[in-house]
Amino acid sequence: MSDSLSTVFAALADPTRRAILARLAGGEATVNDLAAPFAMSLPAVSKHLKVLERAGLITRGRDAQYRPCRLHADPLADAARWLDRYRVFWEASFDRLDEHLSDLRKGKTDD
């Protein structure tokens with residue numbers, strides 16, 4: 001994928017990666033910390049981290065043997081802005097649904 005938004009959405013498509021991001025929202029963590037809740041090997045978790053890093057969603061530091069992972073939220077903000085363009089459509093759809101349900105309720109009470 002060549003554009004960054006596609007890379008971000010591809011990274012977010014996996015529930016394990018979304019769980020890792022949720023954990024990192026609480027602060028930095030090591031690979032072992034991030035792997036703890038999952039029934040998968042450390043290399044598998046590392047692959048997920050590489051996808052997140054390639055998408056720009058995390059950074060990995062280096063402090064001797066300690067390699068903390070940190071959330072980098074800027075790409076999430078870009079994705080949110082892209083999604084926000086469709087908010088008007090969603091809100092209009094919900095308004096129409098609310099109006100339709102209101103009409104149905106009125107019709108039922110008139111009987």
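Let's start with V8, which lies in helix α1, spanning residues 4-12. Helices here are DSSP runs of H or I with at least four residues, strands are runs of E with at least two, and both are numbered from the N terminus. This is a predicted model, in which local features need pLDDT of at least 70 and side-chain atom pairs count only at pLDDT 80 or more, while totals for chains, interfaces and linings use all residues. Residues are numbered from 1 along each chain as its sequence is written, and side-chain values use heavy atoms, leaving out hydrogens and water.

With a relative accessibility of 2%, V8 counts as buried. Buried means under 20% relative accessible area, exposed means over 50%, and partly exposed is in between, using a 1.4 Å probe and protein chains only. Leaving aside residues up to four places away in sequence, V8 touches A55, L57, P75 and A79; a contact means heavy atoms within 4.5 Å. V8 and G61 are 53 residues apart in sequence, and their C-alpha atoms are 20 Å apart in space.

Next, have a look at α2 and helix α4, the latter made of residues 42-54. Their axes come within 10 Å and cross at roughly 75°. The axes are lines fitted to C-alpha atoms, for helices over the stretch in contact, and angles run from 0 to 180 degrees between N-to-C directions. The two helices, α2 and α4, are therefore roughly perpendicular to each other. That word covers 65 to 115 degrees; under 35 counts as roughly parallel, over 145 as roughly antiparallel, and the rest as oblique.

Where they meet, T16, R17, I20 and L21 in α2 face H48, L49, V51 and L52 in α4. H48 is buried, at 13% relative accessible area. Not counting residues up to four places away in sequence, H48 touches D14, T16, R17, I20 and M40.

## Salt bridges

How many salt bridges does the structure hold? There are four, each defined as a side-chain nitrogen of Lys or Arg within 4 Å of a carboxyl oxygen of Asp or Glu. One of them joins the side chains of E28 and R70, at 2.8 Å from N to O. E28 lies in the loop between α2 (15-24) and α3 (31-35) and R70 in strand β2 (residues 69-71), so this pair ties together parts that are 42 residues apart in sequence. E28 is partly exposed at 37% relative accessible area, and R70 is partly exposed at 35%.

Another salt bridge links R60 with E53, whose closest N and O atoms are 3.2 Å apart. E53 is partly exposed, with a relative accessible area of 32%. R81 and D78 also pair, at 2.2 Å from N to O. Both lie in helix α5, three residues apart, about one turn of the helix. R81 counts as exposed at 52%, whereas D78 is partly exposed at 39%.

## A nonpolar patch on the surface

Finally, F9, L83, Y86, F89, W90, F94, L97, L101 and L104 form a nonpolar surface patch with about 850 Å² of accessible area together. Patches are made of residues with over 30% relative accessible area and no salt bridge, joining like charges within 9 Å and nonpolar side chains (Val, Leu, Ile, Met, Phe, Trp, Tyr) within 5 Å. Accessible areas come from the Shrake-Rupley method with a 1.4 Å probe, and for residues only the protein chains shown count as cover.

Which helix gives the largest share of the nonpolar patch? Helix α6 (residues 87-110) does, with six residues. L83, a patch member, lies in helix α5, residues 74-84, and counts as partly exposed at 34% relative accessibility.
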